[in-house]
Amino acid sequence: MLELIELSPPYRDSFLTGLRDLQADGRLLHYDLASISADFEAFVQRLHEKKDRAKIAAHRVPGVDYWLYENHAILLGHLSLRYELNASLLQVGGYIGYRICPAYRRQGYGKAILRLGLEKARASGLRRVLVTCDETNIGSKTIIEANGGQLENSILLEGDPIRKLWYWIDLP
């Protein structure tokens, strides 16, 4: 059974294994594996605090991190759901960002994580979400379109040779 969960202490070992895989692929490098491993409960607390505007930096937006698990045992991926957008997220990132651990790509988990993330977005009160990806990321384009994404725009940001695609998904 696939499920998006918020981290809690029982997921420590499987989370650390999955995080190592994602970091080996160049993802989630801002997470300090050594400090998370040393004090997992503090890390989980910091993740939960991201939902509270009073506990985050002024330039950040409130949101939640979910982790895609199979049978509560295997970490397959990560999804960030932001409850609002700032100027930066409007250009790149959108309301939802997701990644699948390298060993589990091209097996349908990308479509599943976005579908489950859209359910979480709807439950949080959002009615329309922006999801962005690089024009060259054929996998993400396919995942977004399979989940109802409608291409609105393609932009070229200063200093970036790859266009960013903006997809909007209505959440009835």
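Modeller: This is a predicted model. In it, I96 touches L79, S80, L81, R82, L114, G117, L118, A121, V129, L130 and V131, leaving aside residues up to four places away in sequence.

Biologist: What makes these residues count as touching I96?

Modeller: Contact means heavy atoms within 4.5 Å. L79 and V129 are among the residues listed for I96, so each of them has a heavy atom within 4.5 Å of one in I96.

Biologist: Which residues have the most contacts inside the largest nonpolar core?

Modeller: They are I96, Y98 and V129, in a core of 32 residues. Strands 2, 3, 4, 5 and 7 and helices 5 and 6 each supply at least two residues of this core. Helix 5 gives the largest share, six residues. A second, separate core has 18 residues, including L22, I36, V44 and L75.

Biologist: How do you know whether the radius of gyration agrees with that of a compact globule?

Modeller: With 172 residues, a compact globule would have a radius near 16 Å; the protein chain has 16 Å, and therefore the two agree.

Biologist: How many helices and strands does the protein chain have?

Modeller: There are six helices and seven strands.

Note on methods:
Residues are numbered from 1 along each chain as its sequence is written. This is a predicted model: local features need pLDDT of at least 70, side-chain atom pairs count only at pLDDT 80 or more; totals for chains, interfaces and linings use all residues. Side-chain values use heavy atoms; hydrogens and water are left out. Helices (H or I, at least four residues) and strands (E, at least two) are DSSP runs, numbered from the N terminus. The radius of gyration is taken over C-alpha atoms; the globule rule is 2.2 Å times the number of residues to the power 0.38. A nonpolar core is a set of buried Ala, Val, Leu, Ile, Met, Phe, Trp, Tyr and Cys residues joined through side-chain atoms within 4.5 Å. Buried means under 20% relative accessible area, exposed over 50%, partly exposed in between (1.4 Å probe, protein chains only).
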